[in-house]
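Have a look at the model first, then go through the points below.

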Amino acid sequence: MADRVLPGPLEASAHFKEAVCVNVRKIYDSCKDKDCVEDLHFYPTQASQAYIDSACSVRPRSAELLGVDIDVEEVGFNRGYYTVDCKYFYKIKGVTFPGGHEITGMCLFDKRVMLFGSDANAKVFWSDGCTCPMGAASALPTAVCEAVDPIILSMKLCDTACKDRGCNCNGDPKEVQTCVDTFVPSCIRDAFEDDIYLDAAQHQVYVTLGQFSIIRLERETQLVMPVYDYCMPEKECAGGAENDPCALFSNIPFPVDEFFPPDQVSLPGDYRSALGSIG
């Protein structure tokens, strides 16, 4: 095995000033996904349900990812591996026909992956927190989910009372109410201007989303890192031109395409283009 590099000054031939020992979160495993999530149950607000009841169809307008609740559990039969359960919370907006009324509601999406997170039994304590055993960090790795706002692909109106698919409850409004109260944090419910409608309704809406996400497992560890030099900013701090709106306008390029439409229009080829084409 090669000799270990210890913290301290290095030889000039290494082109580094020194090697330092740092405490970082090391990524042990990660995965990326492009999920097409079909027929998510749409929980409308109280005001939106009245528009849905009188609608013939709905069309999508926007989708916003409000948050992700993450839970990590050890896999008993495969040492070092963990299941990561992610519950995505969405705020969905659509438009009814006829009438053109905007409807708002919530959708839930459950996702489970299995990743390698290594094995550790050490308890970690910090001097700026509680030093009793109950203040120790868990031996479980930390799960991180990075996700962008989804692309809303479709919304459809269902005339029959379909089985709820949002949180594995049946169609009983009381059980749905308990389910939502249990699994939906108050900060998510606060993102809606009105209460969520949970009673049985003849007209229900289902949503299909396209979700890009990266999920990884991390552990805190100590690594020896090479140091080139101190990180000194090169850019000077400049104030904004808030009092000169014309200076801001001058930086905007002339919209030639708005005056001379192209001969043909191509389909969106990337995430930002696809997201901007909705609504």
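Buried, as used here, means under 20% relative accessible area. Keep in mind that this is a predicted model. By that cut-off Y88, at 0% relative accessibility, counts as buried.

**Aromatic rings**
- Four aromatic pairs turn up in the structure. In one of them, the ring centres of Y88 and Y90 sit 6.2 Å apart with the planes at 10 degrees, so this pair is stacked.
- Planes under 30 degrees apart count as stacked, which is the cut-off behind that call.
- Like Y88 with its 0%, Y90 has a relative accessible area of 0% and is buried.
- Y88 and Y90 also belong to one aromatic cluster together with F109.

**Charges over rings**
- K26 is placed over the face of Y28, 5.0 Å from the ring centre.
- K91 does the like with F192: it lies over the ring face, at 5.7 Å from the centre.

**Cysteines**
- How many disulfides does a search of the whole structure find? The search comes back with zero.
- Take C145: its closest cysteine sulfur is the one in C86, and at 4.6 Å that is too far for a bond. The cut-off for a disulfide is sulfur atoms within 2.5 Å.
- Is C145 buried or exposed? At 18% relative accessibility, C145 counts as buried.
- C21, with 48% relative accessibility, counts as partly exposed.

Notes
Residues are numbered from 1 along each chain as its sequence is written. This is a predicted model: local features need pLDDT of at least 70, side-chain atom pairs count only at pLDDT 80 or more; totals for chains, interfaces and linings use all residues. Side-chain values use heavy atoms; hydrogens and water are left out. Buried means under 20% relative accessible area, exposed over 50%, partly exposed in between (1.4 Å probe, protein chains only). Rings of Phe, Tyr and Trp (its six-membered ring) pair if their centres lie within 6.5 Å; planes under 30 degrees apart count as stacked, over 60 as edge-to-face and the rest as tilted. A charge sits over a ring if NZ of Lys or CZ of Arg is within 6 Å of the ring centre and within 35 degrees of the ring normal.
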